[in-house]
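This note is meant for a colleague who is meeting the structure for the first time. The points below may be read alongside the sequence and the model.

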Amino acid sequence: MPEVELPLIGDAARRARAAARVLRTLPTATKDAALLAMADALVAHTDDVLAANAADVEAARAGGTPDAMLDRLRLDADRVAGVAEALRQLVALPDPVGDVVRGSTLENGLQLRQVRVPLGVIGIVYEARPNVTVDAAGLCLKSGNAALLRGSASAYRTNVVLVQVLAEAAAKAGLPADSVQLLPAERASVGELLNARGLVDVVIPRGGAELIQRVVRESTVPVIETGVGNCHVYVDASADAEMAEAIVLNAKTHRVSVCNSAETLLVHRDSPLLGRLLTALVDAGVTLHGDDAARAAHDAVVPATDEDWAAEYLSMDMAVRVVDDLPHALDHIAEWGSGHSEAIVADSASAIGAFVAGVDAAAVLVNASTRFTDGGEFGFGAEIGISTQKLHARGPLGLPELTSTTYVVTGTGHTR
């Protein structure tokens, strides 16, 4: 047990640890039945969820929260149905617990298997988006882990109702009590969670750069680092015009408040599409921040600064740079990118190959929108976040990424 005092979360963490010991032994059928029960309960309690969410949204609006952030916070009946459906989709996915990653028979006859096992107790710190509450709970439970959820104060009313509904349904379906718990929204609870080494096995932050850096900087508990999304779309000189326009518009405007929306457009100087792309973006309501070449191509483009190249706007803004060639595009991404998602639009196989080999990101998209970097779109079901680190897990954090491994060594009386 940790020596540090944990007055806000200590009891919850100890109960979660007891629950995790049971969860790791449960058969897939029991976990799947609980997920289905949780999904049904969410739909049945939609009115309760929406009433709490309306109060959160109104309080956030009164506090001056920007519209893009309000969109992250807001639920409606369709969104509740969507997160319930995400739980049902998890049922259809393979249970990673017990999977044999590799195995062999050693020369001495010992049988060696590396088997997936749950991480244990997972603490998740996130901002605003209450759908994360449901996604995180479902992913943790399917992978045999107990979940300690610490959402933002702005979504606290919504999260209280969501966790009550989920926890009650899970318990009735046979999961241990305290498998899913909501931690207090007090700021101090984050610090306690980060120092609960020995009770909490891993912490996953999901939110803005300030939150993520605080968790990475202060945590004594191991961290799976998710990252902000300063995503780029590079349009090569060989790109098809209609394809490029469709991808750029979708990547920027489909949903601006999420981390896989594109924030910077890079266009090859020999591409004839610059004016067309800029006009399409301006017509869609995007404010463009560009270099001299971009400004010369469209009079609506305002000057870009280093702050624009670094920005995760999460709004109807986009930075635009005209690059001399593909290596120049790669240099820009290396300097300013966040390692999340990078896309190329091109017909040239050599350009595509060079981009895929040269860019360093959790996801590289070829002739496709950055909006596809998502656990659900990848077929993983829900996700906890997009990991931009390079250890253990990278990209959408799905079920296998929430497991560790144990080596099982079987002998016939072997001694050394």
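This is a predicted model: local features need pLDDT of at least 70, side-chain atom pairs count only at pLDDT 80 or more; totals for chains, interfaces and linings use all residues.

In what order do the three strands of the open sheet with antiparallel pairing stand?

1. The antiparallel sheet. The order is β1-β2-β16, and the three strands form an open sheet. Its edge strands are β1, covering residues 100-105, and β16, covering 403-410, each of which pairs on one side only. From one strand to the next, the twist averages 20°.

2. The pairing of β1 with β2. Strand β2 spans residues 111-118 and runs antiparallel to β1, the two being joined by five bridges. Within this pairing, Val 100 stands opposite Val 115 of β2.

3. Division into domains. The protein is divided into domain 1, made up of 10-226 + 393-410, and domain 2, made up of 231-376. Their C-alpha centres lie 33 Å apart. Contact between them involves nine residues of domain 1 and ten residues of domain 2.

4. The parallel sheet. A further open sheet has seven strands with parallel pairing, in the order β10-β9-β11-β8-β7-β12-β13. Because β10 (302-303) and β13 (363-366) each have a single partner strand, one side of each is left without a neighbour in the sheet.

5. Details of the parallel sheet. Strand β8 (residues 262-268) and strand β11 (residues 317-323) run parallel and are joined by five bridges. Leu 265 has Val 320 in β11 as its bridge partner. Helix α15, residues 349-358, lies across β7 (231-235), β12 (341-345) and β13, and runs at about 170° to β12.

6. The largest pocket. The space in the largest pocket comes to about 810 Å³. Its lining consists of 29 residues, and those nearest the centre are Arg 129, Asn 131, Arg 255, Arg 371 and Asp 374. Of the elements, α5 gives the most, with six residues.

Conventions:
Residues are numbered from 1 along each chain as its sequence is written. Side-chain values use heavy atoms; hydrogens and water are left out. Two strands pair if DSSP finds at least two bridges between them. Helices (H or I, at least four residues) and strands (E, at least two) are DSSP runs, numbered from the N terminus. Axes are lines fitted to C-alpha atoms, for helices over the stretch in contact, and angles run from 0 to 180 degrees between N-to-C directions. On a 1 Å grid over the protein atoms alone, a cavity is a set of points where a 1.4 Å probe fits but cannot get out, and a pocket is an open set with protein on both sides within 12 Å along at least five of seven lines; lining residues have an atom within 4 Å of a point. Grid points are joined across faces, edges and corners, and a volume is the space filled by probe spheres set on the points. Domain bounds come from an automatic or database domain assignment. Contact means heavy atoms within 4.5 Å.
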